[in-house]
Amino acid sequence: MTKLKKAEKSWVFYYFRSLNGLIGFTILALLILGSLFALFHATPYDPVAQDINSMLKPPSWHHIFGTDQYGRDDFSRVLDGVRRSLAVSFLSVSIAAFIGLVLGVFAGYFGGFFDTIVMRLSDVFFAFPAILMALAIVSSLGHTWLDTAIAIAIVYTPIFVRVIRGPVLSLREMDYIKSARVLGFSTPRVLFKHVLPNVVPIFLVQIALSLSWAILTESGLSFLGLGTQAPDASLGLMVSEAQSTAAFAWWTLVGPALALVFAVVSLNLVGDGLRDSLDPTRRSV
Amino acid sequence: MSLLRVKNLTIETSLDGKTLVDDVSFSIEEGESVGIVGESGSGKSLSALSILSLLPNGVNKRAGTIEYKGQEIASDKLLDIRGNRISMVYQDPMTSLNPMMKIGRQIEEVLEAHNLGKDPARVLEALAGVRIADPEKCANSYPHEFSGGMRQRVMIAIALLLQPDLLIADEPTTALDVTIQRQILNLVNEQKKQNSASILWISHDLGVVAEMVDKVIVMYAGRIVEVGSIKEIFENPHHPYTVGLIGSLVKRKHQQKMISIPGTPPKPWTVIGQCGFAERCSQVLPKCSQEKPELISSGAQSFACFNPIEGALL
Amino acid sequence: MKLEVKGVSKRYVSKSKDRTIQALSDISFEVEEGKILGIVGESGCGKSTLSRIIAGLEAPDSGEVLVSQAPHPVISKYVMKDKHRSVQLVFQDPYSSLNPRQPIFKAIEEVVGIYGHNLAADAQETRIIDLLSRVGISRDMANRYPHQFSGGQRQRICIARSLAANPEILLLDEPVSALDVSVRADIINLLLELKNQFNLTYIFVSHDLEIVKHVSDDIMVMNAGKIVEKGSWHQVMESPQDEYTKTLIAAMPALSRGE
């Protein structure tokens with residue numbers, strides 16, 4: 001008797017068949033590789049080392065992104081900035097996504113009093129503009145990258161709650177959830193095997209979007225002087241510093257700005273690729 | 001001269017040219033009631049919608065002509081014919097009226113659009129004509145104040161307002177409860193006698209169609225498979241699909257196996273150049289999956305089948 | 001296995017709390033083992049509420065549902081363990097009643113795993129293939145996802161999944177209304193066949209009197225949350241007593257009334 005359960009192609013196979021997924025993965029992998037160099041201090045130059053002999057040099061073989069007004073190597077600084085931005089954004093979004101998913105699924109599926117409390121609380125958070133909220137939290141917590149990440153996580157959690165709760169609310173009324181209940185399935189089984197897999201695509205897209213927003217928020221905070229502190233590098237801080245020099249030394253702005261764009265775009269592409277590969281109805285046969 | 005003649009109508013998806021309706025021809029005589037029966041995806045609604053160039057987005061006519069009283073309907077004449085000479089009633093009465101406008105005003109608008117001016121008396125007359133108890137109150141109400149059956153009455157009043165030659169009814173009772181369906185069927189039959197309009201009745205329900213029309217067109221997978229008078233089709237169907245459908249309706253013994261058709265209907269574009277029913281047919285010949293059977297006449301009836309069923313069903 | 005519904009009432013309060021709707025008032029009836037009860041009525045008559053209550057998806061305000069004299073428990077939202085249930089439900093819309101992210105083999109495996117009394121892997125697989133073949137789905141289709149099937153095939157899969165739970169009573173809520181006309185007779189034939197094979201008791205809920213008449217031993221007519229008539233199919237169809245039943249029968253197309 002032949003075995004029925006033939007090895008099904010995993011979602012990884014479908015992920016790499018999608019062009020978006022492939023491009024997004026490649027860019028993101030390069031960015032992560034670069035930030036690993038920064039993490040292990042393997043950048044071409046020390047990102048904070050000043051060199052008065054090579055101030056504001058245009059891109060060359062020695063300094064491929066040029067140098068800034070203190071003679072620091074922009075390429076090394078961009079790598080270090082990418083490391084900081086990615087670290088803050090991954091940490092903050094992980095926290096927000098986890099808490100948001102749990103609260104959103106429970107509020108949506110069980111409803112009632114718990115739902116009311118969760119939703120009213122998230123209303124309170126929504127009443128403040130995100131950046132103001134983050135500003136307030138950072139100023140009270142402190143200025144390390146961890147504080148920044150926690151601030152961004154607090155701001156993003158209610159967004160995740162809302163984005164997850166809505167679909168769960170309508171899933172709850174779907175016939176296949178009702179039939180799971182009539183079949184006597186336990187609540188954990190219904191939630192983990194039938195509700196969760198069906199919010200995964202929305203969840204992933206939200207994660208990819210939030211990662212890119214978080215990079216921008218971190219940059220914004222640094223730009224305003226509240227995130228990463230000089231002389232450390234962060235993409236937002238570099239853009240902020242380039243304000244005064246960009247007019248006559250364009251490269252000081254282009255390096256960090258390009259890195260920012262690539263990071264945001266690659267995360268969005270990865271989100272698209274994941275959504276398509278995890279949804280059996282979207283896989284072309 | 002026929003009132004309406006559809007010739008070699010072929011409809012496809014705009015994006016990738018998949019055939020949805022394949023070479024359909026039929027005609028409606030003056031005062032005649034014709035039914036098109038088929039299931040979802042058979043092309044019955046698309047065929048009807050294309051008469052007034054109302055095909056939905058993403059679908060277009062590849063070939064074919066539509067003639068009204070011997071003349072092809074030109075696109076600049078369309079507005080004169082639509083709603084005036086040929087009118088239409090749709091499936092869902094809940095969405096076919098504007099929820100923000102009083103019913104009387106919506107009827108008046110039809111008169112205005114055809115340059116007949118304001119005529120409150122005619123509005124009330126139209127509502128009374130479809131057996132609405134208090135026409136004045138109805139004219140002053142919004143659609144949400146009425147049930148589906150009442151709204152469908154209003155839609156019929158609007159469709160008959162300008163005394164059209166042809167009323168196209170696209171599954172007008174499918175969304176309604178059976179007792180309301182009965183009232184609407186009776187109403188349309190009554191109006192048909194009064195107005196001597198032709199009717200094109202589209203439905204998936206053979207039982208309903210049998211009560212409404214003289215002639216039936218049976219569609220399957222984008223093609224016409226059989227045409228004939230109600231009596232002939234029910235007593236002596238030839239195409240195995242028609243036999244299966246009617247058989248399951250009329251030849252059933254309580255809790256015994258019904259005559260059924262195994263399998264599921266195919267997408268029209270997957271059965272080009274062969275008989276669309278071949279895969280589910282009990283009478284299938286090798287030829288059926290290699291060649292497309294043309295619609296051939298046999299007496300007043302016609303059918304598209306290489307191996308038709310002979311002998312009366314009843 | 002006998003089903004008894006005793007004095008079941010259900011009232012809904014509108015969101016704005018200014019209106020109450022009496023969906024069911026004092027519904028009582030019984031279904032004998034091995035019989036088919038047809039419940040027929042128009043939209044808003046309470047038949048869907050009644051089937052949700054019988055399935056245990058909703059609790060009645062008063063009254064009870066008994067299966068073999070024992071109360072049939074209402075399904076709680078907070079259950080920590082999988083539980084066996086003797087009444088299974090087949091829904092109207094086969095498109096929404098299968099999890100789109102689960103191959104159909106997995107969907108049935110999940111149920112067999114709970115109701116199969118610790119079958120060995122091989123025996124489990126044999127059972128799944130057997131269930132699928134009983135409803136006419138071949139084993140080479142078992143790894144497909146629901147969207148790769150037609151409506152009729154999905155309804156067959158839903159029926160197989162219900163059977164995997166060894167139900168005594170199968171509640172069929174408009175099981176063919178969403179299907180193509182040419183597929184309906186096939187599914188009805190299948191249901192009648194399975195009933196004999198598995199010794200099932202059916203409750204067949206539908207707005208379609210034609211089909212109810214064909215399949216039912218007894219027919220119960222509902223209107224505005226009440227039972228207006230109840231009797232053997234022959235009695236109800238041939239000599240209806242209630243005015244509403246008469247209207248309903250008169251509304252059927254002449255063809256289906258056997259004329």
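**Notebook: sheet, cores and chain contacts**

I began with chain C and found an open sheet of 4 strands in the order 2-1-4-5, with antiparallel pairing. I took strands as DSSP runs of E of at least two residues and helices as runs of H or I of at least four residues, both numbered from the N terminus. I counted two strands as paired if DSSP finds at least two bridges between them. The edges are strand 2 (20-31) and strand 5 (70-71) of chain C, each of which pairs on one side only.

I noted that this is a predicted model, in which local features need pLDDT of at least 70 and side-chain atom pairs count only at pLDDT 80 or more, while totals for chains, interfaces and linings use all residues. Residues are numbered from 1 along each chain as its sequence is written, and chains are lettered from A and ligands numbered from 1 in the order in which they are written.

I then looked up the pairing of strand 1 (residues 3-13) with strand 2 of chain C: the two run antiparallel and are joined by 8 bridges. Leu3(C) has Val31(C), in strand 2 of chain C, as its bridge partner.

Next I turned to the nonpolar cores, which are sets of buried Ala, Val, Leu, Ile, Met, Phe, Trp, Tyr and Cys residues joined through C-beta atoms within 7 Å. Buried means that 20 or more other C-beta atoms, placed from the backbone, lie within 10 Å of the residue's own. The largest core has 146 residues, and Ile108(C), Ala160(C) and Ile203(C) have the most contacts inside it. Helix 3 (residues 74-110) of chain A supplies the largest share of this core, 14 residues.

Leaving out residues up to four places away in sequence, I found that Ala160(C) touches Ile108(C), Leu131(C), Leu132(C), Arg134(C), Val135(C) and Ile137(C). Contact here means C-beta atoms, placed from the backbone, within 7 Å. A second, separate core of 84 residues includes Ala169(B), Ile202(B), Val218(B) and Cys275(B).

Finally I recorded the chain contacts. Between chains B and C, 28 residues of chain B are in contact with 26 residues of chain C. On the chain B side, helix 10 gives the most, with 5 residues. This side has 11 nonpolar, 11 polar and 6 charged residues. I counted Ala, Val, Leu, Ile, Met, Phe, Trp, Tyr, Cys and Pro as nonpolar, Asp, Glu, Lys and Arg as charged, and the others, Gly among them, as polar.

The contact between chains C and A takes 34 residues from chain C and 22 residues from chain A. Helix 2 of chain C gives the most to the chain C side, with 3 residues.

Note on methods. Two residues are in contact if their C-beta atoms, placed from the backbone, lie within 7 Å. A residue is buried if 20 or more other C-beta atoms lie within 10 Å of its own, exposed if 12 or fewer, and partly exposed in between; C-beta atoms are placed from the backbone.
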